[in-house]
Amino acid sequence: MDLDLRKLRYFVAVAEHRHFGRAAQALFIAQPVLSRQIRAFEQELGCPLFTRSTRSVELTPAGRQLYDEASKIATVVDLALRRVHEAQRGEQRIAVGFSPGLHVSEAIRAFTANRPEVEIDVLPLHWWERDAPLRDGRAHVGYLRRPFTDSGLRTVPIGHETKVACLPVTHPLAGCRSLTLADLDGEPFLDGRTRWTSSLEEKFELIASGQGIALVPVSIAGTYSRPGLVYRAVSDAPPVETCLAVPEDGCTGPVPDFLDIATAVLRRLSGGSGKGEEAGTTSLADAPSTD
């Protein structure tokens with residue numbers, strides 16, 4: 001079936017307002033028209049999206065899933081339309097995503113000096129998104145930390161970061177100059193498996209209040225320094241790899257030039273050359289797929 005974007009927009013309005021009348025007002029259409037459109041949408045999908053009563057409108061499990069997907073669909077459509085208009089105007093633009101604590105400003109400055117006609121957008125990535133913006137079209141290039149799924153992506157290694165322990169200042173180990181993983185055995189770790197947080201700020205607030213500890217890359221420690229927390233080296237913590245990534249079919253237009261320049265600049269800043277000296281400044285356009 002073909003997805004009717006107008007009906008999808010109507011569905012999102014009802015899902016957000018939980019009321020057909022208020023949703024119709026927000027959409028500037030009559031309520032009976034909205035009700036008919038939603039019923040037609042449910043018939044096309046073959047499943048109910050709302051549970052209706054005289055007092056409330058609630059999402060069904062299928063409706064909750066569609067609502068979760070709707071924002072991604074809207075983002076892809078909006079980006080596609082924007083890029084169509086940019087192409088018509090002869091504009092070139094690259095969106096660069098970057099993981100928390102990683103910085104791309106020097107790479108962007110170096111690229112802009114060579115290609116001043118290309119507009120650059122930057123997209124800070126939430127810790128839980130990882131490579132998602134590369135897959136849904138929000139970013140052309142990502143400066144990421146592993147782990148993430150390589151399938152459908154081409155990557156160029158940049159360097160490695162050590163991890164440090166983030167502790168509340170009141171923690172018994174806060175006074176130690178250096179720690180080992182054995183020292184942290186049995187400690188309550190705050191990570192995606194034990195407690196989901198929507199931001200690093202939320203995670204660090206929980207740590208500062210004594211709710212747990214975390215192992216974080218050293219660049220995050222430098223970026224998110226704040227009272228109530230201490231960072232301590234962990235001598236045997238495995239390092240985390242940083243890399244540039246792009247969709248396999250996305251190395252077009254000005255993207256290859258950006259990758260060549262960004263690879264050289266970011267490797268120099270990281271003090272390494274990715275996977276050994278033989279990596280040099282290999283262009284992502286020439287690098288083999290890692291899936």
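**A sheet and its surroundings**

A: Cys-243 counts as buried, at 1% relative accessibility. In this predicted model, Cys-166 is buried as well, with a relative accessible area of 0%. Both residues are called buried because their values fall under the 20% cut-off. The structure holds 0 disulfides; in general, a disulfide is a covalent bond between the sulfur atoms of two cysteines.

Now to the sheet. Four strands form an open sheet, and their order across it is S8-S10-S7-S9. The pairing in this sheet is mixed. The edge strands are S8, residues 178-179, and S9, residues 214-217. Each of these edge strands pairs on one side only.

Helix H7, which covers residues 200-208, packs on the sheet. Helix H7 touches S7, S9 and S10, and its direction makes about 55° with that of S7.

Strand S7 spans residues 163-168 and strand S10 spans residues 229-234. The two pair in the antiparallel sense over 5 bridges. As a rule, strands of a sheet pair through backbone hydrogen bonds, either parallel or antiparallel.

The sheet belongs to a protein with 9 helices and 11 strands. Of its 291 residues, 43% count as buried. Among contacts in the protein with a separation of 6 or more, 69% come from residues 24 or more positions apart. The accessible surface of the protein comes to about 15400 Å², and 53% of that belongs to carbon and sulfur atoms.

Notes
Residues numbered from 1 in each chain as written. Predicted model: local features only at pLDDT ≥ 70, side-chain atom pairs only at ≥ 80, totals over all residues. Heavy atoms only, no water. Pairing = 2+ DSSP bridges. Contact = heavy atoms within 4.5 Å. Axes fitted to C-alpha atoms, helices over the stretch in contact; angles between N-to-C directions. Buried < 20%, exposed > 50% of the residue type's maximum accessible area, 1.4 Å probe, protein only. Areas by Shrake-Rupley, 256 points an atom, 1.4 Å probe, with all protein chains shown as cover. Disulfide = S-S within 2.5 Å.
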